[in-house]
Amino acid sequence: MNYDLIVIGSGPGGYVAAIRASQLGLKVAVVEKENLGGVCLNWGCIPTKALLKSAQVFEYLHHAADYGITVSDAKADFAAVVKRSRGVAEGMSKGIQFLFKKNKIDTLMGVGKLKPGKKVEVTDASGKKTDYAAKHIILATGGRSRELPNLKQDGKKVIGYREAMNLAQQPTSMVVVGSGAIGLEFAYFYNTLGTKVTVVEYLDRVLPREDADVSKEIEKVLKKKGIVIKTATSVETVDTKGKTCVVSAKAKDGTVEKIEADVVLSAAGISTNLECLGLEECGIKTEKGIVVTDDFYRTNVEGVYAIGDIVKGPALAHVASAEGIVCVEKIAGHNPEPINYENIPSCTYCIPEVASVGLTEEEAKAKGYTLKVGKFPFSASGKASAAGAKEGFVKVIYDAKYGEWLGTHMVGSNVTEMIAEVVVARKLETTGHEIIKSIHPHPTMSEAIMEATAAAFGEVIHL
């Protein structure tokens, strides 16, 4: 069967590319080996947010007295929390099925492999192999939990993010290796539900890709919640022979500590899914575990493209979706604008949340900018005080010479919703004075962006 486009993988890159291609008049098929929606909808972005919401509700109940409400004997049903999360994921996956049907996209269930001559071999669950041809093929196979050499995952005692959201029972104690978004989100979730959590981070601060002030603040808040955080520490070995795991954690000064836990969660990033994809047979160029593409995601082989976690750039769902749209619009003969990877928002959904876009203060200084930096703490926000969410701040960074908005970094309640204002403003090349003169509604958390900008330019009122 011949198609205009075959997409291998139905995650947020693959399914979005397929739908946009269908909108543009292409005959499309998608190859998926497991569940429509890929990791994001089934085992990543969506179900983890369901888990985190349950944890947040439980946290609210424990602090109900702070709001003048009496709640007695609130308990978390771990199995029910997990069941709700799985239900949310299943609903979203069914939504993709509906969208595919609406857009007349064929679903080819099985494992896809690229073959020379613009063909895709699909092996179904029974082992039957079928070849399909297409004018264009997009590789969107995503990634999986990265396995460290000294931290082999067995799926039971040493687990990845997929097992972490579907455990049969809640562990009494857990060691989380890695303090990026995945690590801190699960640390918050399990800690809130009552698990003793220790986070081990090799670098000298948590969320090491974020602004240093953000890292300092979120570490302070999470420690206050009872999470033990050990930075500048490496996991040397994990002994799983006993009833529990014994983690040997080595600090930079050489001291080794033994940490006992029921479960060890490896949250040290992702590995790309490139194995058995037929790249070598078809001559597709790769470099350091990613597929090499141009600005429109064309590989070195004509008619073959790659998007998402398997190409250069941040491994984020919204990035994969944007790449898929740009890719198929170019295929369809349009003239899309290449993605500006310097304006990609990053979000971490622990409580309080973390959101950022653009340069950190350290990065901006390294690039030689003279800066205007403003910070507005949520402790000075009326809405934050009313909501009982005074932790965190908004930090903005501007170029002093031209007023260019270089970056913004936030810690606080709902900041993942607020960051879009900054992304749009930077896209439109908005200056600091334009933000100050844009009237923000009161009382809201979002007015902290305007207040922080006013602080940067010496015009802040509420500090």
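Two strands pair if DSSP finds at least two bridges between them. Strands (E, at least two residues) and helices (H or I, at least four residues) are DSSP runs, numbered from the N terminus. The views below come from a predicted model, in which local features need pLDDT of at least 70 and side-chain atom pairs count only at pLDDT 80 or more, while totals for chains, interfaces and linings use all residues. Residues are numbered from 1 along each chain as its sequence is written, and side-chain values use heavy atoms, with hydrogens and water left out.

**View 1. Five strands make an open sheet in the order 20-21-24-23-22.** The pairing here is antiparallel. Strand 20 (346-348) and strand 22 sit at the edges, each pairing on one side only. On average, neighbouring strands of this sheet are turned by 10° against each other, direction ignored. Helix 14 (residues 447-456) packs on the sheet and touches strand 22, strand 23 and strand 24 (contact means heavy atoms within 4.5 Å). The direction of helix 14 makes about 135° with that of strand 22; axes are lines fitted to C-alpha atoms, for helices over the stretch in contact, and angles run from 0 to 180 degrees between N-to-C directions.

**View 2. Strand 23 (residues 393-399) is joined to strand 22 and to strand 24.** Strand 22 (residues 371-377) runs antiparallel to strand 23, with seven bridges joining them; Val373 has Ile397 as its bridge partner in strand 23. Six bridges join strand 23 to strand 24 (residues 405-412), again antiparallel. In strand 24, Thr408 is the bridge partner of Val396, and Met410 is that of Val394. Look also at the hairpin of strands 23 and 24: among the five residues between the strands, Gly403 takes a positive phi near 80°.

**View 3. Both faces of strand 23 are covered.** In a regular strand the side chains alternate between the two faces of the sheet. On one side are Phe393, Lys395, Ile397 and Asp399, and on the other Val394, Val396 and Tyr398.

**View 4. Helix 1 (residues 14-23) packs with helix 4 (residues 78-102) at an angle of about 20°.** Their axes are 10 Å apart. That angle makes helix 1 roughly parallel to helix 4 (under 35 degrees; over 145 is roughly antiparallel, 65 to 115 roughly perpendicular, the rest oblique). Tyr15, Ala18 and Ile19 of helix 1 meet Ile96, Leu99 and Phe100 of helix 4.

Conventions: Buried < 20%, exposed > 50% of the residue type's maximum accessible area, 1.4 Å probe, protein only.
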